Amino acid sequence: MTDAHGTMVDPANGAVKASLSGDKLNFTYGKAKTTVELVKTANPNRNLKPAVSAKKGPKEVASTRKHSGSSKNWNAVHRYGTETSSNRWTSGGLTLATQLWEPRNLSLETNDWQQVGPVMEGLAVNGGWAYSSWYRSAAASDQLKGNIVAFNMKKLNKYQAQYLSPRSYLYKKLSFGKFKSYSQNVKVSPYLRLGHGQSLGASSKYIYVLANENKLPGGASNGFYSEEILQLKKSGLTINKVWSIRVDVGSSGRYFYNAAFAGDNTMYGVFHNAAFGHYEFWRLNLVNNRWQVSQVTVTQSHFVKQQAGSSPVQGFSVSGSNMYLAFNNLIFKLQTDGTYQKTWKHVSNREIEGLASDGSQLYAQLAQRGEILSGRW
């Protein structure tokens, strides 16, 4: 929401008022008004008792020790300057190479909640456009709200896109014509509650986000907490619909820290509890405006060697009959029935923060500087 001058309104300053009347939620800001219709439905995912036989998983693999580094010029000495060369890593028949170097920021820095970037998380790709969740800080308090940023990779030079920055020594390298052209091929959503931001999907019309929390209240890992699925319009990256979901399995809930979307009506959620010794993949389908569990598959393994019981999944994607899980420098390929297929290890010394796939085409988001890789297996 913006004021009369087109300036965004701080969502936390109390100026926007909300009131509930029946099934109508009314918002007001001065003379501006809008209404959202609420639809209440019974939770179809209660007291589930799935009987699933686990598939044999891979032997646990040690993640690369160095995985929190940065690209060559991502440091104060180089003023977080642009990268001028591409990367290329190969493992087991899968070569990942630089598709796009991303700008550091797309707004004025130190501009509080209105700052867009420089922390990039999840990734979705559809029709040549890449969609990523951006945050102003890596601090946990900032990881729930941010912006979706979209890049038309077909129209952007993979190096020059870095010049779309508020720093004068960068944007002055673009002619006005090039700046205008590039700006028309980049979109930024309003400030949204995106959760941890690694659970994205894209269809021909919409962007999907599972707005989950990577750290539940009180440090709980498997509580009965609801999550939100956001459907965003591709045109302006604004919210079209919001659903609330919760999966109840007797005395143990299933909270999905990572999820992937396959089209408009299917979501896969990843569940892991270190005590269980396996990964669960839950498929939910949109039926009569409710997300309902339709399939559960299990793979017996921790995939990566555990540290204090943690399972640092940092990317998840589904395409056709294949699923992909990313842990730092590791990518695991499975079938949607939970059958393990392959492990790839690309030693970039930087974290994978998101995965996207389209057939045999894989895309990965690397951190610091934001870099989108692509390759075929």
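Colleague: What should I know before I start clicking around?
Modeller: It's a predicted model, where local features need pLDDT of at least 70 and side-chain atom pairs count only at pLDDT 80 or more, while totals for chains, interfaces and linings use all residues. Residues are numbered from 1 along each chain as its sequence is written, and side-chain values use heavy atoms, with hydrogens and water left out.

Colleague: OK, sheets. What order do β1, β2 and β3 take in theirs?
Modeller: The order is β1-β2-β3, an open sheet with antiparallel pairing. β1 and β3 are at the edges with a single partner strand each, so one side of each has no neighbour in the sheet. Neighbouring strands are turned by 20° against each other on average, direction ignored. That angle is between axes, lines fitted to C-alpha atoms (for helices over the stretch in contact), and angles run from 0 to 180 degrees between N-to-C directions.

Colleague: And what counts as a strand or a pair here?
Modeller: Strands are DSSP runs of E with at least two residues, and helices are runs of H or I with at least four, numbered from the N terminus. Two strands pair if DSSP finds at least two bridges between them.

Colleague: How many bridges join β1 to β2?
Modeller: Five, between residues 17-21 and residues 24-29. Lys17 stands opposite Thr28, and Ala18 stands opposite Phe27. The hairpin has two residues between the strands, and Gly22 takes a positive phi near 65° there.

Colleague: How many join β2 to β3, then?
Modeller: Six, with β3 covering residues 32-37. Lys24 faces Glu37 across that pair. This hairpin has two residues between its strands as well, and Gly30 in the turn has a positive phi of about 65°.

Colleague: Which strands make up the five-stranded sheet?
Modeller: β5-β6-β28-β27-β26, in that order, open and antiparallel. β5 (88-91) and β26 (352-358) are the edge strands; each has a single partner, so one side of each is left without a neighbour in the sheet. The twist averages 25° from one strand to the next. β26 and β27 (residues 361-366) pair over six bridges, with Leu355 opposite Ala364.

Colleague: Switching topic: is Gln231 buried or exposed?
Modeller: Gln231 is buried, because its relative accessible area is 6%. Buried means under 20%, exposed over 50% and partly exposed in between, using a 1.4 Å probe and protein chains only. Gln231 is found in β14 (residues 227-233).

Colleague: What does its side chain make a polar contact with?
Modeller: The side chain of Tyr208, at 2.9 Å. A polar contact is a pair of N or O atoms within 3.5 Å; within protein, one must be able to donate a hydrogen and the other to accept it, and residues adjacent in sequence count only if both atoms are side-chain atoms.

Colleague: Where's the largest pocket's centre? Which residues lie nearest it?
Modeller: Leu25, Phe27, Val36, Ile239 and Val242, out of 40 lining residues. The pocket holds about 1,700 Å³ of space. β15 gives the largest share of the lining, seven residues. A pocket, on a 1 Å grid over the protein atoms alone, is an open set of points with protein on both sides within 12 Å along at least five of seven lines; a cavity is a set where a 1.4 Å probe fits but cannot get out, and lining residues have an atom within 4 Å of a point. Grid points are joined across faces, edges and corners, and a volume is the space filled by probe spheres set on the points.

Colleague: Last one: where are the cis peptide bonds you'd point me to?
Modeller: One joins Gly117 and Pro118, with omega about 15°, and another joins Gln368 and Arg369, with omega about -15°. Pro118 is in the loop between β6 (94-101) and β7 (119-126); Arg369 is in the loop between β27 and β28 (371-376).
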